[in-house]
Amino acid sequence: MTDAVHYEKLGDIAVLAIDNPPVNALGQAVRQGLKEGMSQAEADGAKAVVIYGEGRSFPAGADIREFGKPPMEPHLPDVCARIEASPLLVVAAVHGTALGGGLEVALGADYRIAVPAARVGLPEVLIGVMPGAGGTQRLPRLIGAESAVDIIASGRQVGAQEALELGIFDRLEEGAPREIGLAYASELVEQGAAPRPIREMPNPVPIDFDAAYEATLKKGRGQLSPAVAIRGVQAACELPFDDGMKRERDLFWELMETDQRQALIHAFFGERAVSKLPELEGVAPREIAHVAVIGGGTMGAGIATAALLSGLDVTLLEMNAEAAEAARERITSNLSGALKRGKIDEAKLAHLTETALTLATDYDALAQVDMVIEAVFEDMSVKKQVFEKLDATCKAGAILATNTSYLDVNEIAASTSRPEDVIGLHFFSPAHVMKLLEVVVADKTAPDVVATGFALGKRLGKVSVRAGVCDGFIGNRILAVYRAAADNMILDGASPFQIDAALEDFGFAMGPFAVADLAGLDIGWAVRKRKREEGLPANARDPHFADRLCEAGHFGQKTGKGFYVYEKGSRGRKPNEEVLEHIAADREAMGITPREFSDEEIVRRYMAAMVNEAAMVVGEGIARRPLDVDMTLLYGYGFPRHQGGPLKWADLQGLSGLLDDIKHYAAEDPVFWKPAPLLEELVAEGRTFDDLNKEET
Ligand code: COA
């Protein structure tokens, strides 16, 4: 027996305890241990076997770290088949999360008991594969094709009560998994219950699989795994069990070979690695119980909402009573959304709005708070005034954070006598919904202040990324460049509508011009005006078509018109043909003869611009690792998860070909296209961005 599975015989019942912390993933040693444990139980003359997980969970899946490596025997499908084929009664006793291979092992058992807090699911599609150890064959036989498709194609976790109602669990019982498993197994043995292999259950009734496949592919914006997994369930309906297993295996391996699988697994480990920084090891964060937010506009109210929902006391400072009341309304409206979605109840809503939230119009109210997050107008002189006042008012040790999206955090910090307490916390709007938080570390920020930024991010349920100081930090700096690449393509002949469509096909939730309409065109307008004042690089192109929209009062969705026209009552968008006239005027003024762009070229140029700037951001140390950029784009900019983030995408495309393209574009427009030194270095050394991730983590 391996160390990963402990065997014990208690009277008629053998117990197999899986012990592979932290989540009892089904690595080779666990698989081997389960197989040997079954043989041992049979050899020992046991009547029943109980399988459970030590520690926090029943197995939470196959060991994802083994993916992409040569498979090692025994294979999981064979282990599940071995359990199912045993003449002994096998009981799975589930607690924690029985996910993926974990649920497949449980489906190999004859009976399943769980604690009420347990959860089950087949989340393989979320990492680009599909159940590969009988999940698509046994689950539909047990609960029907429709419910199985829902669970398998969504990858969602199912609570114990729902799993009981569906028939996945036979019984729920409070207690330790070992104890409830043993009691249930004894009862079944006493009753003389018979084994109940799922493979012998009849084929489930089919649904319209072609329709489900198409709808799922469309919903996933090109992500293959959920759709392909549906074909596995189809096989359960149409084929004998063993043929269905073979079909499942073939589909599984097809997905295993895809770039999407690599991209999604990169995202899985990336989102866990992103907040693990060697510099913070052993650094304790400061205590935060009470935060203040300055400014109650959309952003400030969103930040206050997120903080309240995480259990923090919040003081919101506004300029006057009227503005404070408007801020209260925004926060209450955000929290009512949380109430509607069942995240909080009425009593909690009342507590948050009446007790936990305080409105203030005087800086004195901030004297005792542990942290201040400033979300006022994006203007350096305004920010400096705020920080001077905070410096004069706040207690020693209070963290002074700015939510600026572009401005120099070092300069803001220098306006106080305590720059070590100043940090950037860049939230994304709406701040109580968007998962990204850029923790912007200025030159003098103290390590425990950085640690507190990350601790706050975790408390608010955010994916926190460390960023250095530069114009736009990680995300907005890269955005400015790929958006400029899109604008250049427009000047050269593409339309905003074609660009949006091409990028939505690539997998973005929205193309850049639809995003600009959503965010408000006035934001970009203000940035362009500032950059023009600061002075553009010599010979840089400076299109004005978006300015023309703003000058006419068209700021996007909020005014009903921008790049698109938004009609009241209809959720769709229609191209705003007026934009084409503004674009034509720009082309004429610049003497450009428009040419055709293929969708493929649009994606290639847009991505090349994104990757090149991302490589600069990593090369300059603004982002510590390529994965930090990838997580920023995934969580803050709608980058399709199944493409892994720009730098993972670049690795998968091949860096050398991408660099060749960038050089080719640079020959046409050397002002905009300048190959990033880091990209050139990696190509010269035959390495990838992911190699850098591995060095750093
Ligand atoms: N294989 C390998 N490692 C795994 C794993 C798996 N299937 N599932 C989790 N881990 C690791 C995580 O990487 C993390 O490692 P770290 O501490 O070195 O960062 C550790 O286990 C704890 O996981 P974490 O996600 O931080 O804990 P959690 O309590 O928030 O969530 C789970 C636990 C199981 C819900 C979550 O990890 C999960 O969804 N895992 C993947 C499940 C899955 O996809 N299974 C199907 C695989 S085919």
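Around the ligand, β5 (97-99) and α11 (259-273) each supply at least two residues of the shell. Here helices (H or I, at least four residues) and strands (E, at least two) are DSSP runs, numbered from the N terminus. The model is a predicted one, in which local features need pLDDT of at least 70, side-chain atom pairs count only at pLDDT 80 or more, and totals for chains, interfaces and linings use all residues. Residues are numbered from 1 along each chain as its sequence is written, and side-chain values use heavy atoms, with hydrogens and water left out.

## The ligand and its surroundings

Helix α11 gives the largest share of the shell, 3 residues. The ligand has 21 residues around it, of which Arg56, Ala62, Ile64, Arg272 and Lys276 come nearest; a residue is near a molecule if one of its heavy atoms lies within 4 Å of it. By type, the shell divides into 12 nonpolar, 3 polar and 6 charged residues. In this division Ala, Val, Leu, Ile, Met, Phe, Trp, Tyr, Cys and Pro count as nonpolar, Asp, Glu, Lys and Arg as charged, and the others, Gly among them, as polar.

Several N or O atoms of the protein lie within the limit for a polar contact, which is a pair of N or O atoms within 3.5 Å; within protein, one must be able to donate a hydrogen and the other to accept it, and residues adjacent in sequence count only if both atoms are side-chain atoms.

| Residue | Protein atom | Ligand atom | Distance |
|---|---|---|---|
| Arginine 56 | polar side-chain atom | oxygen | 2.4 Å |
| Alanine 60 | backbone N or O atom | nitrogen | 3.0 Å |
| Isoleucine 64 | backbone N or O atom | nitrogen | 2.9 Å |

On its own the ligand has 860 Å² of accessible area, and the protein covers 72% of this. Accessible areas come from the Shrake-Rupley method with a 1.4 Å probe; for residues, only the protein chains shown count as cover.

## Salt bridges

Side chains of opposite charge can pair when their charged atoms come close. The structure holds 49 salt bridges, each being a side-chain nitrogen of Lys or Arg within 4 Å of a carboxyl oxygen of Asp or Glu. One of them involves arginine 272, whose side chain meets that of glutamate 271 at 3.1 Å, N to O. Arginine 272 is also among the residues that come nearest to the ligand. Its relative accessible area of 40% makes arginine 272 partly exposed; buried means under 20%, exposed over 50%, and partly exposed in between (1.4 Å probe, protein chains only).

A further salt bridge joins the side chains of arginine 530 and aspartate 471 at 3.7 Å, N to O. This pair links distant parts of the chain, 59 residues apart: arginine 530 lies in helix α21 (residues 521-534), while aspartate 471 lies in the loop between β17 (463-468) and α18 (475-492). Both partners are partly exposed, arginine 530 with a relative accessible area of 23% and aspartate 471 at 33% relative accessibility.

The side chains of glutamate 695 and arginine 687 also form a salt bridge, at 2.6 Å, N to O. Arginine 687 is partly exposed, with a relative accessible area of 27%. Elsewhere, salt bridges link Arg528, Arg532, Asp542 and Asp547 in a network.

Strands of a sheet pair through backbone hydrogen bonds, either parallel or antiparallel. In this structure, 6 strands form an open sheet with mixed pairing, in the order β1-β2-β3-β4-β6-β9. The edges are held by β1 (5-10) and β9 (171-172), each with a single partner strand, so one side of each is left without a neighbour in the sheet. Two strands count as paired if DSSP finds at least two bridges between them. Strands β3 (residues 48-53) and β4 (residues 89-94) run parallel and are joined by 4 bridges. In this pairing, valine 50 stands opposite valine 91 in β4.

## Backbone features in loops

Most residues other than glycine have a negative phi, and most peptide bonds are trans. The peptide bond from proline 21 to proline 22 is cis, with omega near 0°, and proline 22 is found in the loop between β2 (13-18) and α1 (28-43). The bond from glutamate 73 to proline 74 is likewise cis, with omega near -5°; proline 74 has its place in the loop between β3 and α2 (76-85).

Arginine 221 has a positive phi, near 45°, and lies in the loop between α8 (209-219) and α9 (224-238). At 38% relative accessibility, arginine 221 is partly exposed. Asparagine 539 has a positive phi near 65° and is found in the loop between α21 and α22 (545-551). Asparagine 539 counts as exposed, at 69% relative accessibility.
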